Amino acid sequence: MTATAPMPASRSHRGPDVGIGWRHPHYAALLERRPAMDFIEVHSENFFVPGGAALAVLREGRALYPVSLHGVGLSLGSACGVDPWHLDQLAQLVDAIDPVRVSDHASFARGALDSDPGSGLVHGTDLLPIPFTREALDVLCANVQQVQERLRRPIAVENLSAYLRWRDADLGEPQFLAELTRRTGCQLLVDVNNIFVNALNAQLWGDGADPLDACRAWLDAIPADRVAEIHLAGHIHCGDIVIDDHGSRVCPEVWSLYRHAIGRFGAVPTLIEWDTDVPPLAVLLDEAARARAAGRRAPRTPVATTGAVAAGAAPARSLQARADLRSMELAR
Amino acid sequence: MSTLALQQQTLLGALLRGPGNQAARDAQARLQSLVLEPSSRGLAAYRANGHALAERALGAAFPVVRALVGDDSFGALARAFWHRHPPQRGDLVCWGSDLPGFLADDPQLADVPYLADTARVEWALHRAAGAPDADADPASFALLTQQDPGALTLRLAPGTAVVRSSFPVASLINAHLGDAPPMSEVAARLHHREAEQALVWRRAMRPLTRPCETGEAALLDVLLHRRSLVSALDAALATNPGFDFSVWLTQAVRDGLVLGACPGDERTAAIQP
């Protein structure tokens, strides 16, 4: 940190570390104003270039704030595996930036377009859902482990907002993620807006469950001690579908779910995401202040895991021990 | 093929196959058997996001092509390109190298014959923006007076490239992105099909282009292949007997195009577009 570095906002309170997604419209404003902030988050892929202005700006930002590197293109759930080129770029960026956290999604985008083995692989440039099957879990675990071994640190894996639901399913989403973290030692990134978007879409598609009840049950089924970061964002209701567009303030229901989440997970670092129609920096800082205020009542540490995961799917002690060992090794 | 690989191939096919073609319809029909209904709205949301990302990514890399064809046409081009040449990497900054060829092959763009070359120069500018950083080393120019120039080469700026065109595309790009030359002047030169060699390089953090004369283009071609200064001078003088190296070097150093001198076997900082 430089002598003029901004003070971390969390020093003045006991709530969670709170950060904002740092996007192009605010590159200059953040560096000039240096608002109190616990961390900033960037999309890793925006800085895969070996040089130039973008990377220089990120280095400036890193000199002022801890950086959370959030990926959107690693395609951790791809049956064809992770792109070695992508992993190389990420590893170089991690070395250069020394991020406070590294994360990506439980999704896929990379794959073959047809059965011709010579046709090459494409990237769908989206966070496409994977089925919650044992087969998909095995693939996701193998890919996450490959990434963690390359980066020599645990990563956090985020739950999706999904607009398609596979027929095949062996597990519920929280159980799927719980198994993932148990087997790989990875952390979880819980996007509260994503689970609310999914619940609203489920309601639109005929699911009778109350969306808020469904979301609370989802949060209660997540192993609390594995949650490394929480994301908060806005969404848009289009009438026939709800889209996670990160283009508005966090809605009251998501704030309510956030309070529920940190009541269970503890004062987990929390990010305000805004990627569409990015407003003035002051609006993001205001949302961050709201998260900070909401988090003041959070316990410093997660409460004991309860519910379906602890009761029904507790890991074998030896397996858990192996996962913990692997996690410690990666964290070195 | 595993069940998961088949599921993923089916969704990618439904998403990326061109709308209206049989392969897309087949993939969508297969997808319907694999996902819960309703599915068409969700698939449309993913496709709309892909289209929006394609338009945004290509618009950032090709701002002058976008201005030349207009926002609506560019959006249609970006969507068609996304289906025809889908990204292969999870970093969209890498995506777009095939756009010049795609534009050249489009019969509807035959009345804009300079569009593909404009895209080639813009792609070189886009690549230069993220090329590895390199610092100038003025002291190294002393080597030019101390060592055999046959054993020396010049270190060029990040992203240095030369794009040859039958049209004045460097001038066209500068007219769009800056104030000079005036658009009316470029329009007249376009009309007369004035050929230009577009030089692309990065000064500090800023990618730049300008026309360069034939001797300079020949010189840079050789230097970009990391061959010696003597070979480069031979090529320049063969193309333009009046080429004045010392005048050129003074200006090139001032412009940040040449960063220093080094032994000929050292790699320059330049990348191929």
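Colleague: How many residues of chain A are in contact with chain B, and with how many there?

Modeller: In this predicted model, where local features need pLDDT of at least 70, side-chain atom pairs count only at pLDDT 80 or more and totals for chains, interfaces and linings use all residues, 47 residues of chain A are in contact with 41 residues of chain B, contact meaning that C-beta atoms, placed from the backbone, lie within 7 Å. Residues are numbered from 1 along each chain as its sequence is written, while chains are lettered from A and ligands numbered from 1 in the order in which they are written.

Colleague: Which element gives the most to that side of chain A?

Modeller: That is S6(A), with 7 residues; helices (H or I, at least four residues) and strands (E, at least two) are DSSP runs, numbered from the N terminus.

Colleague: Changing topic, which strands make up the closed barrel?

Modeller: The barrel of chain A has 8 strands, running S1-S2-S3-S4-S7-S8-S9-S12 with parallel pairing, and two strands pair if DSSP finds at least two bridges between them. Strands S3 (residues 67-70) and S4 (residues 101-105) of chain A, for instance, pair in the parallel sense over 3 bridges, and A:Leu69 stands opposite A:Val102 in S4(A).

Colleague: And what does helix H8 of chain A touch on the sheet?

Modeller: Helix H8 (residues 252-265) packs on the sheet and touches strand S8 (187-191) and strand S9 (227-232) of chain A, its direction making about 170° with that of S9(A), where axes are lines fitted to C-alpha atoms, for helices over the stretch in contact, and angles run from 0 to 180 degrees between N-to-C directions.

Colleague: Leaving aside neighbours within four places in sequence, what is A:Val157 in contact with?

Modeller: Its contacts include A:Leu76, A:His105, A:Val144 and A:Leu189.

Notes:
Two residues are in contact if their C-beta atoms, placed from the backbone, lie within 7 Å.
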